[in-house]
Amino acid sequence: MPGTGIASEIAPTGYAHHIQAHALTVRRGRRSAVDGVDLKLGVGVHGLLGPNGAGKTTLIRTLATVLTPHGGELELLGSARRTRGELRELRRRLGYLPQAFGHYRRFTVREFVEYMAWLKEVPGRRTADAVQHAIDRVDLTGRADDRMGSLSGGMLRRAGIAQAIVNDPDILLLDEPTVGLDPAQRMEFRALLRDIGAQSCVLVSTHLVEDIGAACAGVVLMYEGGTVFAGDVDRLRAAGTDADPGDSEIERGYSALLRRHREGKVGAGG
Amino acid sequence: MFRMLRLEAKRSIALLLFLVVAALTRVFLWMDVQQWAASWTPLVHSMRGTAWIVLPVVLAAAIWHGGRERRAEVSELFAATPRPHRVRLLPAFLVFAGTAALAVAAVVGWAAVVVAGNATFDGGEWPLGLAVGLLAAVAVTLVGLGVGRVAPAPVAAPLGAVLLFLALTFAQVRDGRPANRLVDTVLPMLPVTDDFHRVLPAFSLAQGIWFAGLGATGVLLAVAVTSRARALALAPAVAGVALGAVLAPSGAIVPAPAATALVCAPGDDRICVTQVHSRALQDLIAPARKVLEAFAEVPGGPKRVQEDQVSWMFDDGRPTAGADLDTVRVALPYRTREGGIRWEPDAVLSIVAQEATVDPGCFDGQEEQRRAFDASGAITAALLDTPTDKLSPAARQAYDTLRALPIEERRRRIGDGRRAGLTCGDPLAVVMGREAGR
């Protein structure tokens, strides 16, 4: 992005991992949706896998500072304290695409991304360039002046990604970002993720394991609020055998790790 | 911030709100134009009167916009951004409050230009009255934005508008009840007033306190995130209404002696009008002189023609007993045409002649009143040689009776009939010679 260096480029990086959690617990009602999660994520693209109800969205919302942890420790960009000022500084360096991407239908794509840039306190003199760059990166240049309400599901998702990256975040959190994208768009999206992941910590929650294989260096597998596996994709691939269900090595690894975890719990329980 | 203001103005319903509020204010002001076109106090009254229809519209638009974030499901997205949410709401506050105030101010500005070209009295208090009206529009906008954030359901906007409309409608129906200081302070509309009265600045200030409190409640409601904060947000409105009601004078509208001071024709102090209606003097002089000259030979005829300094809308200052037969008191309601003010000479002559011969306040019954006006018509036609083609049969008969009398007897009969008409007798019977004058 020409001439658009922002906080991430000038801030000192006095931390080993962009995201570091220890025994992180987040309750939703009486249930612990995230239960004692340990996590260390640095620069690169990380996939967040798990069946429905595993706690992926709760974890991402917590990392996005929308939810407050109820227990454990959470360090984001080297800071665990959460004064109002620190939280504000941290949020300037976050990008977030929620699972349900709300938007103003009457705004054009450019206006909405610009509005989000304002909310993210991108300096005014850099806003126009940052907005254009974000829109270009998600390949919405030709639709930049179309209203959000006129976009297809896939385009909306891309607009959502554009707003998430408009501040060139150090941590980018994407919850189900590929829903609605066609195969070609998904391939472009994976390339975009790899590009962003070269300098930032990207955490992508998804059900689509092929996205993980194509774009991610590391994987976190969640089940019932806890982490079943955290490591690189090759270890996930290696975890499966031909006997495990799945059409690819990653799917078989995913199935095997979940099966072993369930068996281990049953064994421990019995 | 400026770009965000532009974005809000461009992509919200602000422009629509501006057009609707400006159109409604213009239409409802225009419907009242004869009341305010030449006088500041009635302009304030008419402008404030539009609140009845304008503020519910403003409230609905503000509630709708206030609920936009939750309806669009962007709360989650925005919650992860660093901009404090009170700052995030600032463009909407500024655009909507500014839109409502600008729309009203633009139309009132036009009206003020009309009044400035015609008014002959300026008590100096009208800017305060108009400012309170604008403040009321701003306060209702802010409350709407706050309510919209608390209750983002689509039904909230029309429901809020209907409730406010009903509340304003029922609150101003007094049914003869005396003025209530609390109700007068809370209502954006003013109690009844006219050219001869003024709105006390103390009352405008009390209302200003109330509307400022209401606006503060709207802002606090919009930024409140907990139930406790929402409950506390009501405090400024409650404090505002309490303080406003305590500080408000018991009577919001009081007579304006400077407005009703008499201004007389140059070199002829028999013909006078009030200061506030002094533009009418030139139109009154000729008809008034004609009437005075016609009555000069009539025993007990009038010596002066003055504009009535007592408003027909109010009872204050009206003498309770003893008609002043020497003075013809006329009411000179303004008539506007194409923004100007004029009195038709025939209409003024008719008004003066009628007021010289009959006091309509004397006659409650329809038949009594008809007889009094018949006598008045006959006297006027006989004395001023006005056309007789529109006289009723009874008036025509009275006219013929008068014309048949010798000149001295005719003048005496006219004088007696006039006295009867102004002292609640039966002027027609007197004119017809069936009853002696009092």
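Where in chain A is the place of A:T65? In this predicted model, A:T65 lies in the loop between α2 and β4 of chain A. Local features need pLDDT of at least 70, side-chain atom pairs count only at pLDDT 80 or more, and totals for chains, interfaces and linings use all residues. Residues are numbered from 1 along each chain as its sequence is written, while chains are lettered from A and ligands numbered from 1 in the order in which they are written.

**View 1. The open sheet β2-β1-β4 of chain A has 3 strands with antiparallel pairing.** Strands (E, at least two residues) and helices (H or I, at least four) are DSSP runs, numbered from the N terminus; two strands pair if DSSP finds at least two bridges between them. β2 (31-41) and β4 (71-76) of chain A each have a single partner strand and stand at the edges, so one side of each lacks a neighbour in the sheet. Neighbouring strands are turned by 30° against each other on average, direction ignored.

**View 2. Strand β1 (residues 19-28) of chain A runs antiparallel to β2(A), joined to that strand by 8 bridges.** A:V26 has A:V34 of β2(A) as its bridge partner. Helix α2 (residues 56-63) of chain A packs on the sheet and touches β1, β2 and β4 of chain A (contact: C-beta atoms, placed from the backbone, within 7 Å). The direction of α2 makes about 60° with that of β2(A) (axes are lines fitted to C-alpha atoms, for helices over the stretch in contact; angles run from 0 to 180 degrees between N-to-C directions).

**View 3. A:T65, a residue other than glycine, has a positive phi near 70°.** A:T65 counts as buried because it has 21 C-beta neighbours inside 10 Å (buried: 20 or more other C-beta atoms within 10 Å of its own; exposed: 12 or fewer; partly exposed: in between; C-beta atoms are placed from the backbone).

Methods:
Two residues are in contact if their C-beta atoms, placed from the backbone, lie within 7 Å.
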